Structure formats: C-alpha cells, structure tokens
Amino acid sequence: MVSPRVFLIGPLIFIPLIVTLFSHSPFPFNPTLPASFRSERVEIWGLRRLYEWQPCDWWRKGLPVALPFKSNGYLRVDCYGGLNQMRRDFCDGVGIARLLNATLVLPKFEVAAYWNESSGFEDVFDVDYFIKQMNGFIDVVKELPPELASKEPFRVDCSKRKGTYDYIETVLPSLLEHHYISITPAMSQRRDRYPLYGKAALCQACYNALRLTSVLEKKGTELLNAIPKPFLALHLRFEPDMVAYSQCEYSGLSPTSMQAIEEARLDRKPWTGKQARIWRNRGKCPLTPKETATILQSLALTPNTNIYLATGDGLMEIEGLTSTYSNVFTKASLLSNEDFENMHGNTKAALDYFVSINSDAYIATYFGNMDKMVAAMRAMKGSWKTLFLSRRAFAALSSQGLEGKSLMEALWKVHRDDFVMGVGSALPDCFCEFKL
C-alpha cells in the first residue's frame, strides 16, 4: 500500500528523509577506492530512497471533467526558443485553453536561424496521437472553420499576466470578441491556482500525449541501441553563449574557449571582485566539464562508466571530462551517417530527450527546461536514477579551500543528501510523493 502526498509549494520539492539503505545498481562499483573510504562513498545509485514521485491518481485514474457544450473560441499557442522551452510553453497553453474553455489549435513553433530551425510542431510530435490522448480533456483541431481559416489570430500579450483571475478577466474577453486568439504563456504564472480540470489537461498534454513522430522515434531508437549498456545520460551545459550570459569568469580555460566566450558576451560584462565570489557561491556559474568530472568521481562513478553526452553544439573544454571518463559518446559519433551540420535544432534536441528518458541514469549539470521535462518523464517511467549536480555546493566547498579527498567527501555528502531527499527534482504538481 502506498500513501500519496502532494506538495504545491514552489519549484523545489523536499522529501524530509535521509536514508542510507542500499540496492543493486547496474553501474560497476569502484574497486580502486580504499575499503575504509568505500564504506562512506558508495556509488550514488546504490542509495535507496523510501519515497518516490509518481503521477497523481487524480490525473491518471480520475475521469476528466465534462467539457462545456459550447467553446468560447479558438486559441493558438505561439512557442519560442529551443524545443524544450517551446514544449513547456505549449503545455502551459493547453492548461490556459482549458481554463478559458477554448478549442485548441495546433501550436506555432518559432522559425529561428539561431537554432537552425524551421520545423513545426507536426515535424516533431505525433499530431494524431496527441489529439487522441487529449480526448475528453480539451478539444483540439487541425484546421480552423472556413470563416477563420484565412485570418491571423488576434495576439494577446500575456507577458504580465499571472494566475487564474488574470487569464479569465483579461484574456477571455479578447477570446469572446475575436473568436481566434494567440498567446505565449507567461513564465511567472501560478499553475497551482488552476482548477483541477485545467491542471489535468496540462498534465495529460505534457506527460502523456506528446509523443515524438515515428521518424524521430526510429532515429532515437537507433541511437539508443548504439550506446553501450548500461549508460549514464549526462546533460552538460558549457557553451559560449551560456557562459557569457551567466556573467561568470573562469581561469584555466583554453585561449579558444576564452575567445568564444568574449565574442558571445556583447554587453554582458562578467562580475568581478567580491560580487563575482558572491555570484559564484549562489550557484550561478555553469560547471565546467572538468568540475563535472570531479563531482562524478565523488559519486563513485568509475572511469569506465559509459556516458552519453546530451548536449548542444559548441560545448567547450570537453577534454576536462574525457581525460577522466574515456567512454563518452555523442550523437555524431554514434550516427556517423547523419548530416549533423544541417540537422534541425529541434531534431537534435528530440534525440537527446529520447535517449535521456530511456537511459539507465540521468545527471544534469544545469536546471533548465530539458532537465525538468526529463526528470518528470523518468518519474512517469519509474526511473529514479536522476540527479542534478549542485553548482552552489561545488562553488562553496571550493571557496573554502577543500581539494582532493576532502572535497570528494564533502561533494559526496551533499549529493547523497540531495538524492535521498529529492532536493531539486522540480517535479510539477502533476506528480505526488508516494511512501513505499
């Protein structure tokens, strides 16, 4: 018997329990560590949690609230950014459409030269499957009625909208007046204020109805089969634009990396002096591949661990990882017949997503849209070997002068507690905590 508990208290979810029970792990145990040291630092996946996050029964097992007899109009969600950001916006938009009793039109995905992107929603996701899975939760149409088909939707600015009342009081009048509107949901909206039927539509859309097209799933399966097993999917972020945006400074990087970062900075100058130290200790600075390798070592992951790099183009300083972990694989190394130079950004992101949710374990050095989506989908599948590395802890411990064995032990303890407590899982309110 399991007992569910739901927390809607913000982006971080805490499980107030620390345990050190052990279970079998598919990854090899590190035999090179001294026995006295191994007794404290076993491989991270050997820790067994007593709580797990699973889809809430009210969503998966409950019957959808009956849709109103008449729709208030048509709503299109306009999505911008990378694939996982667009997916997040679309999921939010589904909840809003249900809230407003609107009929959902297939979303518009941004065409962006920066992402080498021109693919639409239907190029990434199985449209017919989505419509079928959303039956009873919200009405979805592929085409508009003739009187609206030739018109562009009335654009409603939601950048400053928050909560249920703003959408109903501000957006609904535009929907009733124009019958066809488009929105991009505000990042700051409060999902926990949605009525249950709105949240159920969002949960169903995001975690049960969005399936990759058969073409992408076939390519993803080919990639998955090519990776030696068992393997860890590592989402490592250390690209020039990301580092530049963070306004962090790094020492010991190659001249090539430093030049790339400087070219990407534009007017975002790095913090210096005391402010730079405060910024880094807040966990604002991306982990370098070398720092990532140090943390992986502290987790007792052996150098022969198979690692799939789920990463975008332009990753810098990769030697900092591969000098310790030699079994590192990428899309390009495994699918040599593909033209990755001209491959759409959404296709690359979809492949990384597919591999990540199906990997034996998943570790992220960042806490972005992909990481949150992958963590949720892995919870859907019952895959609990998921961990977010702590940039804040690494910075704080390093600033204290810790190094070598002392640093390894301290990093182990931080991530041990994070793992067994579920800190940073960021599972949305579609999921409940179950005591096993």
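Predicted model: local features only at pLDDT ≥ 70, side-chain atom pairs only at ≥ 80, totals over all residues.
Local features need pLDDT of at least 70 and side-chain atom pairs count only at pLDDT 80 or more, whereas totals for chains, interfaces and linings use all residues. Residues are numbered from 1 along each chain as its sequence is written, and side-chain values use heavy atoms, with hydrogens and water left out.

- Strand β9 spans residues 180-183, strands being DSSP runs of E with at least two residues, numbered from the N terminus.
- Both of its faces are covered, with Y180 and S182 buried on one side and I181 and I183 buried on the other (buried is under 20% relative accessible area, exposed over 50%, partly exposed in between, with a 1.4 Å probe and protein chains only).
- Strand β5 (residues 74-79) pairs with β9 in the parallel sense over four bridges, where pairing requires at least two DSSP bridges between two strands, and V77 has I183 as its bridge partner in β9.
- Strand β8 (residues 154-155) also pairs with β9 in the parallel sense, over two bridges, and F154 stands opposite I181.

**Salt bridges**

- Eleven salt bridges are found in the whole structure, each defined as a side-chain nitrogen of Lys or Arg within 4 Å of a carboxyl oxygen of Asp or Glu.
- R76, buried at 10% relative accessibility, meets D78 in a salt bridge at 2.7 Å, N to O, and D78 is buried at 4%.
- D78 also forms a salt bridge with R155 at 3.3 Å, N to O, a pair linking strand β5 to strand β8 across 77 residues.
- Shared partners join R76, D78 and R155 into one network, in which R155 is partly exposed at 40% relative accessibility.
- K61 and D57 meet in a salt bridge at 3.9 Å, N to O; K61 is exposed at 66% relative accessible area, and D57 is partly exposed at 35%.
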